[in-house]
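Read it with the model open beside you.

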Amino acid sequence: MAAADVRDMLDLPAEGQPRPHKKHKVVEKRPEGITRELYALLGERAPPIAINENKYKGRPKWMNKLRVRPWRMTPFTNGARSDDLVLNHWQRKHESNRPPAPEGSQMDVDEKKETTEGEQEEAPKPLEQEYNFAKYNIKARLPQKYSDEVYNRHLQNNEWTREETDYLMELVHDYDLRWVVIADRYEYQPRVDSEADANALVPAKHYRTMEQMKARYYYIAATMLAMEHPPSEMSEAEFDLHEKMLKFDPDRERDRKELAALQLNRNAEEVHEEAMLLEELKRITSNEQNFITERRELYSRLEVPISVGNTTVYQSSQGLSQLLQTLLQADKSKKRRSILGPEGAVASPAGQTPTTANPHSRGETPSTNPAAANKKGSTASVPAAREAQPIRTLSAAEESRYGVQHHDRVTAGVQFRSDRAQKLTQAKSNVQTLKLAGALAELEIPVRLFMPTERVCKEFERLIQSVNLLLDARKVAEKVEGEIRVLEAAKAEREKKSQPDASGHPEVKTEAEDGTGVLQSTAADGDANAGQGDAETKEDRNHKRSASVLSGTSDKSSKRQRR
Amino acid sequence: MNPSNPPQAAEYGGDEVSAIVLDPGYSTTRAGFAGEDAPKSLIPTYYGKYNADGQEKYIYGDDIFVTPRPGLSTYNPIGKDGIVEDWDMAEKVWEYSFTSRLTGAKPGNPFQNGLNDIPAEELPTEMEVETEEKPLADSPLLMTEPGWNPAKAREKTIEIAMEKWGTPAFYLARNGVLAAFASGKASALVVDIGASNISITPVHDGMILKRGVQHSPLGGDYISSQIRALFKKNSPQPITITPHYLISSKTAVEAGQEPQARYKTFAADKAPDASYRALLEERTIGEFKECVVQVWPGPNKLSNNGPNGIPNEEAARASPGRPFEFPDGYNQIFGVDRFRVVESLFDAKAAIPDPDSPFPAPTPAQTLPELIKASLSGVDVDIRPHLLSNVVVTGASSLLYGFTDRLNQELMAQFPGPRVRISAPGNTAERRFGSWIGGSILASLGTFHQMWISKKEYEEHGANIVEKRCK
């Protein structure tokens, strides 16, 4: 029996204290240099002094037999430098004139060493070898230098002089496109050309923003790129780059930076508020996730075919324990905790069949808050234990919002609201049921409600009631109509008898039996003998209306007659 | 690991060319070989000057603290703003810093060292006059400079290095950048609390952003002047600092009692100069800073209320005081006052007024939070959050107890949005020699060797090349 079962029986909370960890005994290692007997005398706690002395571990013995490989201060030049500055660093001496290896037992050792050494010595070749770090000397890829002609034809700009553009390109080259640094160091002094400018003590200084510089540079770079390869011949990467550079929008960039500055300079309250909102958002999204999974779970449960097998198998204790085992197996194979919590994982042995084994799924209905689950007394324990909220009184609006209900009398056991709703569609007679279904189909309402909330169920109940009412009314109306027809036929008979010279007597009789044909035939009659005309038809209608009124009052009696 | 095998160069990118790193500061000058973890040579930048036998003599290094020579006066070749003023003496002090410990004295002329004395008649007639070897002839030199060093001073520096010291290769790096490198960052906001200056240097990709460089004189010397002002106003009696060299003997006294000591006296013509005494007093104050002075850790200023409504001063008063004994035996327990002397670094209004102090009362713009704010507003908005999450604290005065806590609090209060992260090495040496260590790392990198300004380039382009190359 699982611990969960015991907890369940004793009404203990589902999650008890975690089981205390098993003490794993720490076996201290006996330090070196102390005998086992002495160490045993020390007891469990070793004194806080280090017993093992730090011995100097020299080179391993076999290394003493190796030859010392000397190091030498060697000069080198750096290929990344334009001048040939000679610096010195320590390098392992390159041995070409190696003395012969010693004979004897060290032969094999030496051979091994020689092979490894041989590999190492392949690598450093003094002087003619290129400097190791020269390869890291990389520059950013920059557009080609423009010529005067190109500049005059393509790159003219009212805001930028040729000199300033040159200055910008030089800075870009010097600082490898680090715009932050370029904007920081940008100090262009326009040359004083005319006398008037030269007389001014302080030359008018104008600042360039980083966006202006970027816009100018990207324009130049894009133009140069397009001149090198026309856009139609560009590779994909080049084309992307070209597009990106052409589409640089300094105003937008400036706006973005202003926003970024605003974002940076928020005060503490704003930051706090944002943190709160983010927290809330996180909660909402996680709730939504839960909602979706639980809903899927619920649907999958609803779609389980209703068990039709009899329950006699489970009435013996043996059968029950077997059922328990199978359920446990099923739960284990699911590999995750059922949403029902620990007491749901094991079908409680209270004699419930699997079809009704999930009363709590209703309580997890995500359409309402967990508070809504309190509406059913039997399900209250799960969310209450989880939430452990203090009880608070709700206003009427809140109650309706959370779906809190108060029942005068709660029926025992658990039932689905959707079941109850569905029960309404089952009338006493099959015919009536079919009719109800027909009416619902006409209204495009599914027999099984998609979302059987309390309100929907109520509405559904009202709908079914009114449909029933209407169906009754229709039935009555049909009956009354039939009576009318009978009576009219009788009347026609009587009239015929009073007019023996009327032609087509037998036909009329057959038509009168047909019922629906009566009015038409009388109308045809009316048309045929124009002498009677409108008056007669009007009389006919009046007659009919009075008949229906009559039948309305006497429908009970007619029903009785019919039975 | 086999000690006989070198680590692969590619592992750490190192390639040592026995370069010398020289980090001249206002208070101390640091020098050492690149690739080592601390400067081998640490000397005060102050030098002493006195007259003996009718000629001027100079004392460099720690020797100036030792002997109170008659008429000994001390000077500092570097101005209050961290820029060299006296180039001749700066050169000599710097040269002393590396010749005394690193390159060593060159072996003298064997004919003159007395070992090879030969009778006068056998003296060879034609004596070879050795060309005087320059002190740095075989070591590249990396020097540091503050971020606001003017171009003229930079050119003068390379001139000295190339022409007077004869270094084969030279580079001039900003100490802010190097402090960032020492913390392993290429982009950082470097807060350097030095002796004469506090400076904020934004560094982006290993280059300083000049418009963001801020500095103000509220450094260690300013704190010393605040401490002197505090001593003057001390409540039982004003405290006068008597340096050790004036104390002959002392007896222990109770806290707050008059000192009982016998003093040394110097005759008027034998006494050292007042500047010497001031320098030695500064050493005592330095000890006081290390032992007693504490920065109010925040949150909020010392004069404000704490988060729970209690005035911070009350809370500071409640913390136990710290005792300090002066060289003459006078000792006292310092309570809340020990917070006050540094509070003006963060709150200009909290400065202790002292009319005799060489420092004018600080303005709010000179305080640390305002400097950082001004510095950040000088750089592009896109990198500000990154800088704030990489604040590097360096400089010996930043070792004041509780300094980084307070700085963190101030920054968090000022910038609640972005993440503020201060990286301050706990190791004292790393904090004191931050920029030297960064220089040591830089100059021992294999990729750096293409950046050196070689002698040839210097001769070709002149001193102006330093502006082009050391950006």
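The span at residues 254-281 of chain A is 89% helix and 0% strand, and its end C-alpha atoms lie 30 Å apart. Helices (H or I, at least four residues) and strands (E, at least two) are DSSP runs, numbered from the N terminus. This is a predicted model: local features need pLDDT of at least 70, side-chain atom pairs count only at pLDDT 80 or more, and totals for chains, interfaces and linings use all residues; side-chain values use heavy atoms, with hydrogens and water left out. Residues are numbered from 1 along each chain as its sequence is written, while chains are lettered from A and ligands numbered from 1 in the order in which they are written.

**Chain A: a helical span**
- UniProt, in an unreviewed entry, places the feature "coiled-coil region" at residues 254-281 of chain A. UniProt positions are given in the numbering used here, feature names are shortened, and annotations may be inferred rather than shown by experiment.
- A:D251 and A:R254 form a salt bridge through their side chains (3.4 Å, N to O). A salt bridge is a side-chain nitrogen of Lys or Arg within 4 Å of a carboxyl oxygen of Asp or Glu.
- A:D251 and A:R254 are about one helical turn apart, because they lie three residues apart in helix 11 (residues 250-264) of chain A.

**Chain A: confidence**
- The average pLDDT of chain A is 72, and 63% of its residues score at least 70. pLDDT is the predictor's confidence in each residue, from 0 to 100.
- In chain A, residues 97-127 have a pLDDT below 50; this stretch has 24 contacts in the model beyond near neighbours in sequence. Contact means heavy atoms within 4.5 Å.
- Residues 544-559 of chain A also stay under 50, with 10 contacts beyond four places in sequence.
- Where pLDDT is low, the predicted coordinates should not be read in detail.

**Where chains A and B meet**
- Five salt bridges link chain A and chain B. B:E457 and A:R81 meet in a salt bridge (2.9 Å, N to O).
- Over all chains, the structure holds 44 salt bridges.

**Chain B: the six-stranded sheet**
- Six strands of chain B form an open sheet in the order 3-2-1-7-8-19, with mixed pairing. Two strands pair if DSSP finds at least two bridges between them.
- Strand 3 (41-44) and strand 19 (453-454) of chain B each have a single partner strand, so one side of each has no neighbour in the sheet.
- B:A169 stands opposite B:S454.
- Helix 4 (residues 151-164) of chain B packs on this sheet, touching strands 7, 8 and 19 of chain B.

- Three strands of chain B form an open antiparallel sheet in the order 5-4-6. Its edge strands are strand 5 (55-59) and strand 6 (73-75) of chain B.
- Strand 4 (residues 47-52) of chain B is joined to strand 6 of chain B by three bridges. B:K49 stands opposite B:S73.
- Strand 15 and strand 16 of chain B form a hairpin with five residues between them. In the turn, B:G329 has a positive phi of about 100 degrees.

How values were computed. Axes fitted to C-alpha atoms, helices over the stretch in contact; angles between N-to-C directions.
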